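Let's take a walk through this structure together, one piece at a time.

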Amino acid sequence: MASDNPSLSALAQPVVQTEPALFGAGGDSSAQRRLSSLTKEAWILASLKKRRGEFLTQHGLDVFVGTWNVNGRGPATGAELQVWLGAAGAAADLVVLGFQELDVRAEAFVYNNAAKDAEWTEAVEASLAAAAAGSGRRLAKVASKQLIGMFVMVYAQEAVAQRISGVQTASIGCGIMGMVGNKGAVAVRLAYMDTPMCFVCAHLAHDAAAVDKRNAQFHDLCKRLAFAADAEHAADPLTPRDVAGTYGGSGAADRPLTVFDHSYLVWLGDLNYRLAIDTGDMADVLARGDHAALLGLDQLRMAQLHRQAFAGFSEGEIGFRPTYKFAVGTGDYDERRRPAWCDRVLWWARPGCEDGVRCRSYTAAASVCMSDHKPVRAQLAVDAWTVDAERRRAVYLEVLRELDRFENECIPTATLEATVVDFGEVRYGQLERRRLRLANSGQVPLEYSFVATPSRAAAAAAWLRIAPDGGMLLPEQAVELELTVLVDQRTSAALSTLAEDLYDILVLHLRHGRDYFIQVQGAYQPSVFGMSLDVLVHCKSAVRSMRHADYEACLASGRFSVPKCIWSLTDFMSRYGVDRGFSLFQFPGDRALERRIRDWLDADEPLDPAAVLQWPDEGGGTGSPGPATAATAAPAEGAAPTSSRVSLTDQTLVPSTMQSAWSVLDAYHAPSTVDALERLSLGAWDSTLRTAPLGRSSSSDAGSASDNSTHEAETQPATANEQAAGVPIGGGSAAAAAVEVRHDAGVDAVASCLVELLRALPEPLVPTALHGLCIEAGGISRAAALEALETLPPGNLNVLVYLLAFLREAIERGAASAPRVAAVLAPALLRPLAPADSPGAEAFLALLLLHQ
Amino acid sequence: MSQAGSAHNSPADALGRAAAESPVAAAPAKPIQIKMVLLGESAVGKSSLVLRFVNDEFKDYKEPTIGAAFLTQKVRLDDSVLKLDIWDTAGQERFHSLAPMYYRNAQAAVVVYDITRAASLDKAKSWVKELQRQANTAMVIALVGNKLDLAAPAPAEGEAAAAGEAEEEPAESETERADSEAELAEGEAPPHREVQAETARAYAEEQGLLFLETSAKTGEGVVEIFTEVAKKLDLAQIAGARAARPGQLNSGSVNVGVLGDGGFGAADAARTNTEGCAC
């Protein structure tokens, strides 16, 4: 059954059992869709059935079904027919009689001649007429079909016959060679009012052991019995014909009908199923009339149970003795054969028409002894309908709407706290977070994700991160989406020059559901950090006050000078660091102070020495244990400069891998956050300083190539912050050759800002294209380094020469060592710097820092 | 005896076809899934039209759509059922750049304007132009003039022109005016028809668009939009295209693909990189 009409069987039975292919596909979406479609189809049918009273008018139809294997004998006498058909046959609205072995002569196989069926027709008609005599009813022939020994005839009361249409017959042989009609079926289909039904009279393979063959023949017949399409009647009175095949399930209008494309399918005949095992003394059991015990061994029942054949078919209760095999002319079983219920009447009803057939009686005419089979008869009460097509269409549409409503309710829905997220003022390198609550307000699990838009391939602008950026929420669950804005040197230039706004529209997509647009905005405070050198050298006023057009004017001006921000920093270091004997580039700066300094630079205001120098040295107060805690607070004017012992002999302070701030952020959301937080809190340079091992002779193991998106993230937790400033470079592993170093937290911060500013240049001060040349020169001589220097563009050269002059003076006056300066600045000036190139780059700088 | 049925023995080819019908082939066809997108200026009543069509309801005040709402509804034609996956997009200009996500891969578009605001027709025309340039060439486009319930007797010709000029399209407001129930500022004239049906129809005919006037408030013309669009779709072509690309069936909806199963998001399909779906 499953192989014959999956959609129907799927509806009649649990989908799981009849559609194993769906599950074999293992999560294949098309299988799931098909399953879903079948489920919906079943739901629609069930809903239509529930409401069928609104558009169907029910009419009872009494159907008399008889089947008889006549063993090539006959025709039967009037008396014998009378016993079989009786008054019930004559009184029925519809009479369906099936015969097997009507004609077993050899010529019947060859010529398929109709000699016998004419005789039988005459006899049956005479019998029925005789039984009806006096009742005023007359039976009219509706159809008959003969194939060799199989013969089916359908009669109807005249009044009923007038309401029958769409009559067709079919026959299929499936005996010898699978084709010959010694076995097979003949069938009649018709529509009574608006209810199509099909009657199949079959004769299946004999032999007790041939049960598999019988099962196969059943499926073969189901597949091959076919009728032309019925333009007038849908298989299913519940479904509007014009939508059948879309949601009705009965197939396209022009597709040949199968036996299942009917409201009812009645299957009668000598199905030849036997009893499965020899029970030994069957006579006793038969004598006791213990049919239940024997029926448990019935091959047909077992085939149904195991869904090998006739699955989904019903049968009346068998209250009669096995109908085969009798000694002809007697009521005695042929002792050479095991008795069996070969002759059966079963029916199948379409989903939606279940319960439309009731069996009033199911008996065998035991006293008819003409054949080795007894004739069997069933009286079926069948529900037939007339359809109000208009009404049905309306109900169908309402059901579809109901399904739509249901489906729409199953579309995930969410509550989103806001559709605008405003970050207010956003500064360079300063990380801002906002939270946005997303709750599943629907009835189904919700999967959400941020998706790309036509204007960008990523789910968010480069300066924005969303965490989590996707996930699933069960109904009533909620999640706090964290939106983080961080403008670094990758994104600052466009924002600072007002080429772009700090504005983005995120698309939050609910899988299988709607999209939300979330506007993210902020007021970015333009900064010299991340600005290109071309702009910086031309900037005449504060970047905060410039308009977009001003930048273009800058570029057009053709002037070269040292950017004011660089001058401000070096001038400060010169006056308050070098002049006062404090060392440079030895300690990372305080983050908060660096922020202040950046603000002054961006506003084009002078660095306020009082504020800078009096900045409390956080690191000194809480400092980490060990020799690194020597720094003391508030190195204001007059206060004793902080000192600590630090090695100045290390030639190669190795830059550790520069962490991209974003990569740190991403790591922040990873399960292990402690380390990530630590790294997040510390600028790359700071961590370079803090973690650089002393006394290394080689930098080749310093880690992976630095990432030019590096910059500091600003939201360090307090503990990390405390470590960030004032901790001397080298930590506790100070080498033997340590000397006393004086430092000032304010000067440290200014120095940090300078390094950061250089590192934030979109194009490094030494253009990437020239790195190879410079690194190579570093391995040769000062003359080669100077030669390489001259290849720089004039603007860059100008700035670099200025820087070198400042640094050289600082070194000369003991505020820094050349190797130290080279180690700190090389990664900022020649970005990105591969670890293998570090020695060359540092040597290049060191050579330039040498005094003649 | 009336010989009602002669033996209509199935012709050999019918038998052959029947026999050839594998269980799979005999499975019921799925409803054809159509991705439809609604476009138009903000506050012309796009969401209200969809709500009227899908839920048969109307809300006087409706929050503007920030994003793209998704609903599904079946439409029955003479011989088939279509499942419309309807994407109701935000009308605000600032979301304009996201519209291609929704009209891309759509088989149908409904471009809505407000008959009481002449400028909204201009916007509709620019949408039509964009669709004709960028969307699926076989797309069925309908031009819909909404708020027919506000079509008070039209003012005289000159008056209408003057009114149109005076009421230059107001700046995009944060809250969309609800369909047909625009809040009237003090002293402002009640809304009246600014776009004559003939004008819009002539434009629609010239561009090969379906044209209808509707009222989401009264329901007039609403179902017709969707059925008329559905009728004009080349279903054979759509079904054929789907069959040819079984991998993209899902995306039929958005299918973000995202559509997906028999019934989910067409947007999903459009975003094949992010999802495999749709209902």
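Before we start, one term: two strands pair if DSSP finds at least two bridges between them. With that in hand, look at strand β1(A) and β2(A), residues 94–100 of chain A: seven bridges join them, and they run parallel.

## The whole sheet and its helix

In what order do the six strands of this open sheet come? They go β3-β4-β2-β1-β14-β13 (chain A), and the pairing is mixed. At the edges you'll find β3 (139–147) and β13 (357–364) of chain A; each has a single partner strand, so one side of each is left without a neighbour in the sheet. On average, neighbouring strands here are turned by 20 degrees against each other, direction ignored.

Which helix packs on this sheet? That's α7 (residues 115–132) of chain A, and it touches β2, β3 and β4 (150–157) of chain A. The direction of α7(A) makes about 30 degrees with that of β4(A).

## A four-stranded sheet

Chain A also has an open sheet of four strands, in the order β15-β17-β21-β19, with antiparallel pairing. Its edge strands are β15 (414–416) and β19 (464–467) of chain A, and each pairs on one side only. From one strand to the next, the twist averages 25 degrees.

Zoom in on β15(A) and β17 (residues 432–440) of chain A: three bridges join these antiparallel strands. L416(A), for one, has L438(A) as its bridge partner in β17(A).

## A buried asparagine

Next, find N215(A) in helix α9 (residues 211–224) of chain A. Is N215(A) buried or exposed? It's buried, because 20 other C-beta atoms lie within 10 Å, and a residue counts as buried at 20 or more.

Who are its contacts, once neighbours within four places in sequence are left aside? N215(A) is in contact with A303(A), Q308(A) and A309(A). R307(A) is worth a look too: N215(A) and R307(A) are 92 residues apart in sequence, yet 9.8 Å apart in space, C-alpha to C-alpha.

In soluble globular proteins, nonpolar side chains tend to be buried together. The largest nonpolar core in this model has 171 residues, and those with the most contacts inside it are V750(A), A109(B), V111(B), A142(B) and V229(B). Helix α25 (residues 745–760) of chain A gives the largest share of this core, 11 residues.

Take V111(B) as an example: leaving aside neighbours within four places in sequence, its contacts include L39(B), W127(B), A142(B) and V144(B). Apart from that core lies another, of 113 residues, among them L81(A), I164(A), Y324(A) and V382(A).

## Getting to know chain B

Chain B has nine helices and seven strands. Of its 279 residues, 52% count as buried. Among contacts in chain B between residues at least 6 apart in sequence, 61% join residues at least 24 apart.

One helix to pick out is α2 (residues 46–55) of chain B, which is mostly covered: nine of its 10 residues are buried. Those buried residues include L49(B), V50(B), L51(B), R52(B) and F53(B). After α2(B) comes D56(B), whose phi is positive, near 55 degrees.

The model scores ipTM 0.71 and pTM 0.63. For chain B, the pLDDT averages 72, and 61% of the residues score at least 70. Over residues 157–185 of chain B, pLDDT stays under 50, and the model has 42 contacts beyond four places in sequence for that stretch. Residues 245–279 of chain B also have pLDDT below 50; beyond near neighbours in sequence, this stretch has 168 contacts in the model.

Where pLDDT is low, the predicted coordinates should not be read in detail.

Terms used: Residues numbered from 1 in each chain as written. Chains lettered and ligands numbered in written order. Predicted model: local features only at pLDDT ≥ 70, side-chain atom pairs only at ≥ 80, totals over all residues. Buried ≥ 20, exposed ≤ 12 C-beta atoms within 10 Å, placed from the backbone. Helix = DSSP H or I, 4+ residues; strand = E, 2+ residues; numbered from the N terminus. pLDDT = per-residue confidence, 0-100. Contact = placed C-beta atoms within 7 Å. Axes fitted to C-alpha atoms, helices over the stretch in contact; angles between N-to-C directions. Core = buried A, V, L, I, M, F, W, Y, C linked by C-beta atoms within 7 Å.
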